[in-house]
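Subject: Handover of a structure, with notes on what was found

Dear colleague,

Please find below the structure that I am handing over to you. My notes follow it, arranged by region.

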Amino acid sequence: MRAAVELREVTKLFGNIAAVRSVSLTVRAGEFLTLLGPSGCGKTTLLRLIAGFEQPEKGGVCLDGVDVTNLPPYRRHVNQVFQSYALFPHLTVRDNIAFGLRMQRLPSVEIATRVNEAIDLVSLGGLENRLPHKLSGGQQQRVALARALAPRPAVLLLDEPLAALDAQLRRAMQLELKQLQRRLGTTFVLVTHDQAEALTMSDRIALMHEGRIEQLDSAQAIYRRPATAFAAEFIGQANLLEAQVVMRNGTEIGVRLAGGLVLYLPAAVWPDEVANAQVVIRPEKIRVTRIPLAGQNTFEARVEEGVFQGANDRLVLETSAGTRLVAISATGEPLGEALRSGDRVWGAVQADEVVRLPRKHA
């Protein structure tokens with residue numbers, strides 16, 4: 001598949017601080033890729049390197065196969081939507097959308113056609129003559145999107161464009177943005193620190209940490225098979241535990257988790273040379289019941305804390321072996337009435353839900 005964006009061993013310094021450290025990344029044409037990570041990880045700097053607002057100390061930036069490392073932003077076929085929207089307060093919706101097209105000195109007929117197309121695309125019909133202060137936050141966000149899309153960029157860069165919206169509107173706009181991207185086929189690169197947003201919208205996620213890409217994969221792959229402890233804990237919730245091999249019989253191994261609980265796993269996923277590692281168990285993959293369970297990878301536990309979270313209960317468990325685990329269960333099922341501190345329960349973990357981390361984060 002054709003590459004819309006290529007970053008080749010890019011490094012960006014601010015004084016003695018490396019904001020981006022030798023990052024290589026390919027964004028496929030028509031892809032929705034998200035740069036995800038905590039504040040200060042380098043994701044916004046990477047976006048600005050693509051846009052041309054920052055220049056790398058080392059490495060190069062290519063757009064559609066052309067090296068644009070030394071080109072200014074206005075000569076790159078990209079556009080950007082900012083967190084603040086940056087609308088002109090004295091211009092109407094129509095004039096805000098038309099601004100970039102007029103700067104390109106396009107014919108007035110073509111400008112009018114593109115503006116009308118953009119208005120229809122983001123469902124702003126009837127609001128064309130309003131000023132920004134007379135629009136809701138969601139409507140302002142649509143204007144910013146329409147203005148960025150009207151020049152028909154090859155790549156649209158989005159710097160936390162939903163951050164100013166309330167939670168309910170933000171969720172709705174996440175779905176609208178994804179649907180819009182699919183309809184247009186334009187390459188989108190989004191920056192966010194919100195893992196739920198990244199999981200909802202992305203074809204792939206580049207998870208960043210300390211200026212580097214920690215893991216690059218689909219949302220499902222990062223969630224189900226995190227490459228590092230950082231990835232496991234940043235994407236979703238995780239029980240992250242030290243584990244030691246205590247038994248091998250050819251097809252099966254036994255591993256003792258921190259605290260003492262022993263789980264039995266397929267030997268194929270734990271190479272002979274590995275004696276100790278970290279494992280990840282997602283809380284929602286732990287089955288919890290009041291009824292005693294038998295069989296492999298079942299355990300008795302005491303509830304240390306139960307927290308009602310609407311559709312789910314978050315349970316902090318201490319197993320009889322001494323291992324502490326967090327579990328998430330649908331509220332009331334199969335537990336019946338809410339669990340309280342000190343209640344006795346039984347738990348079970350499927351062997352294929354215990355993920356060995358292939359490497360630790362350095």
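I begin with the pairing of strand 1 (residues 3-14) and strand 4 (residues 58-63), which run antiparallel and are joined by 5 bridges. Within strand 4, K58 is the residue that stands opposite T11. Please bear in mind throughout that this is a predicted model.

**The sheet around strands 1 and 4**

These two strands belong to an open sheet of 4 strands, paired antiparallel in the order 2-1-4-5. The edges are formed by strand 2 (17-28) and strand 5 (66-67); each has a single partner strand, so one side of each is left without a neighbour in the sheet. Helix 1 (residues 43-51) lies across strand 1, strand 2 and strand 4. The direction of helix 1 makes an angle of about 120° with strand 1.

**Salt bridges**

Side chains of opposite charge can pair when their charged atoms come close. How many salt bridges does a search of the whole structure find? The search returns 17 salt bridges, and three of them are described here, beginning with the pair R344 and E300.

In the salt bridge between R344 and E300, the closest N and O atoms are 2.5 Å apart. This pair links distant parts of the chain, since R344 is in strand 19 (residues 344-349) and E300 is in strand 16 (residues 298-308), 44 residues apart. E300 has a relative accessibility of 28% and therefore counts as partly exposed.

Another salt bridge joins D203 to K178, with 2.9 Å between the closest N and O atoms. D203 lies in the loop between helix 6 (195-201) and strand 9 (204-209), while K178 lies in helix 5 (residues 167-184), so the pair ties together parts that are 25 residues apart in sequence. Are the two partners buried or partly exposed? D203 counts as partly exposed because its relative accessibility is 33%, whereas K178, at 6%, counts as buried.

R48 counts as partly exposed at 29% relative accessibility. E54, at 17% relative accessibility, counts as buried because the limit for that class is under 20%. Salt bridges that share partners join R48 and E54 with K12 and E57 into one network.

How many of the residues of strand 9 are buried? The strand is mostly covered, with 6 of its 6 residues buried. R204, A206 and M208 are buried on one side, and I205, L207 and H209 are buried on the other, which leaves both faces covered.

Strand 9 pairs with strand 3 (residues 32-36) in the parallel sense over 4 bridges, and in this pairing L35 stands opposite A206. With strand 10, strand 9 pairs in the antiparallel sense over 5 bridges; here I205 stands opposite D217. Strand 9 and strand 10 form a hairpin with 2 residues between the strands, and in it E210 takes a positive phi near 55°.

**Q215**

Q215 lies in strand 10 (residues 212-217) and, at 10% relative accessibility, counts as buried. What does the side chain of Q215 reach at 3.2 Å? It is the backbone oxygen of R225. A polar atom of the Q215 side chain also lies 2.7 Å from the backbone nitrogen of A227. Leaving aside residues up to four places away in sequence, the residues that Q215 touches include I205, A206 and L207 as well as R225, P226 and A227.

Strand 20 pairs with strand 14 (residues 276-281) in the antiparallel sense over 2 bridges, and V280 stands opposite V355 of strand 20.

With kind regards

Note on methods:
Residues numbered from 1 in each chain as written. Predicted model: local features only at pLDDT ≥ 70, side-chain atom pairs only at ≥ 80, totals over all residues. Heavy atoms only, no water. Pairing = 2+ DSSP bridges. Contact = heavy atoms within 4.5 Å. Axes fitted to C-alpha atoms, helices over the stretch in contact; angles between N-to-C directions. Salt bridge = Lys/Arg side-chain N within 4 Å of Asp/Glu carboxyl O. Buried < 20%, exposed > 50% of the residue type's maximum accessible area, 1.4 Å probe, protein only. Polar contact = N/O pair within 3.5 Å; in protein donor to acceptor, adjacent residues only side chain to side chain.
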